[in-house]
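Please open the model in a viewer and keep the selection panel at hand.

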Amino acid sequence: MSDVVNPAPDQAQRSREPVISVRDVTVSFGSQTVLDKLCLDIFPGEILGFIGPSGSGKSVLMRTILGLNRKASGEIRIFGRNIDNVTETEKMAIDMRMGVLFQHGALFSSLNVLENIQVPMREYLDLSPKLMDELARLKIDLVGLTPDTAEKFPSELSGGMIKRAALARALALDPDVVFLDEPTSGLDPIGAAEFDDLIANLRDTMGLTVYMVTHDLDSLFAVCDRIAVLGKKRVLVEGTIEDMLTVDDPWVKSYFRGKRARQIDPAAPTRRRAETGPRQAG
Ligand SMILES: Nc1ncnc2c1ncn2[C@@H]1O[C@H](COP(=O)(O)OP(=O)(O)OP(=O)(O)O)[C@@H](O)[C@H]1O
């Protein structure tokens, strides 16, 4: 990829500190360097879509930000704090403000939905069982599941319900940021569109910041404010959907303007923003 597009952040972004700032981060597994001096900012209240070829390191970056992969060098600041210089207690406080929906939902099969949602509560909080039940039922309602889902086990749920239950668990501690790893994969187009709407609604009502790894073009067009493209071990292109449509890089071009993208109306994001108004949060 030769074309690098890093448009200046808009006025609203410039006036706000990034929630997460990744600087010159390098991650290797043995002799394989997956990320090489990668830089990325995530701003409060935005839905950032993170894309790139399969195996390019999208999940690795997410896991590295979450502290699940070790980085060889570089700096990651979360909520203004350098994560290499925080105490265990501070790290825990940071972790509590970040929810994660892993690829395929990753619910515990031996726990019902209510118990799954309570896992982070048990790990981080000291609440009575009654209060945890009440909070978990609120999350079930928040993600659009019916109350009877609480007692169901993952094997009894549809793919869409599993995603929603996993989202409810990611929201268990009322985080400021949620990380979604391919949240609409495996869903039919209607289910995927409904899930996108849910994410946009939660961002609008709760002021969530959303980091979404996705291959879903529809999601990118429907809900993402900004897109970052991973390639050659770095973020090579970032900007709005409109910016992506003008990028002269072969992979980005074929992704956004190839055969599968032809049906997409380039005016849709502009129309959506006009309909919903500017999104300010955080
Ligand atoms: N724990 C690990 N140990 C060794 N190699 C790893 C590990 N985790 C990831 N990798 C390697 O890092 C590279 C990037 O993987 P990653 O899962 O981040 O790709 P991705 O962009 O998310 O791909 P996809 O879109 O297919 O999910 C791959 O070559 C993968 O094999």
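Which residues of the largest nonpolar core touch the most other members? Select Leu48, Val178, Phe179, Val210, Tyr211, Met212 and Val229: of the 72 residues in this core, these touch the most other members. A nonpolar core is a set of buried Ala, Val, Leu, Ile, Met, Phe, Trp, Tyr and Cys residues joined through C-beta atoms within 7 Å. A residue is buried if 20 or more other C-beta atoms lie within 10 Å of its own, exposed if 12 or fewer, and partly exposed in between, with C-beta atoms placed from the backbone. Helix H6 (residues 159–170) supplies the largest share of the core, 7 residues; helices (H or I, at least four residues) and strands (E, at least two) are DSSP runs numbered from the N terminus.

The model is predicted: local features need pLDDT of at least 70 and side-chain atom pairs count only at pLDDT 80 or more, whereas totals for chains, interfaces and linings use all residues. Residues are numbered from 1 along each chain as its sequence is written.

Next, centre on tyrosine 211. Apart from neighbours within four places in sequence, tyrosine 211 is in contact (C-beta atoms, placed from the backbone, within 7 Å) with Ile42, Leu48, Phe50, Met62, Val177 and Phe179.

Move to helix H10 (residues 250–257), where Trp251, Val252, Tyr255 and Phe256 are buried. These four lie on the same side of H10, because they cover an arc of only 110° around the axis, the arc being that of the directions from the helix axis to the C-beta atoms. Pro250 and Ser254 are exposed on the other side of H10. The buried residues of H10 pack against strand S9 (226–231), strand S10 (234–239) and helix H9 (241–244).

Now select the ligand. Around the ligand are Phe29, Val34, Gly52, Ser54, Gly55, Ser56, Gly57, Lys58, Ser59 and Val60, where near means a C-beta atom, placed from the backbone, within 6 Å. Helix H2 (residues 58–65) gives the most to this shell, with 3 residues.

Strand S4 (residues 73–78) meets S5 over 2 bridges, and arginine 77 has asparagine 82 in S5 as its bridge partner.

Finally, select aspartate 24 in strand S1 (residues 20–29). Its phi is near 50°, a positive value in a residue other than glycine.

Methods. Two residues are in contact if their C-beta atoms, placed from the backbone, lie within 7 Å. Two strands pair if DSSP finds at least two bridges between them.
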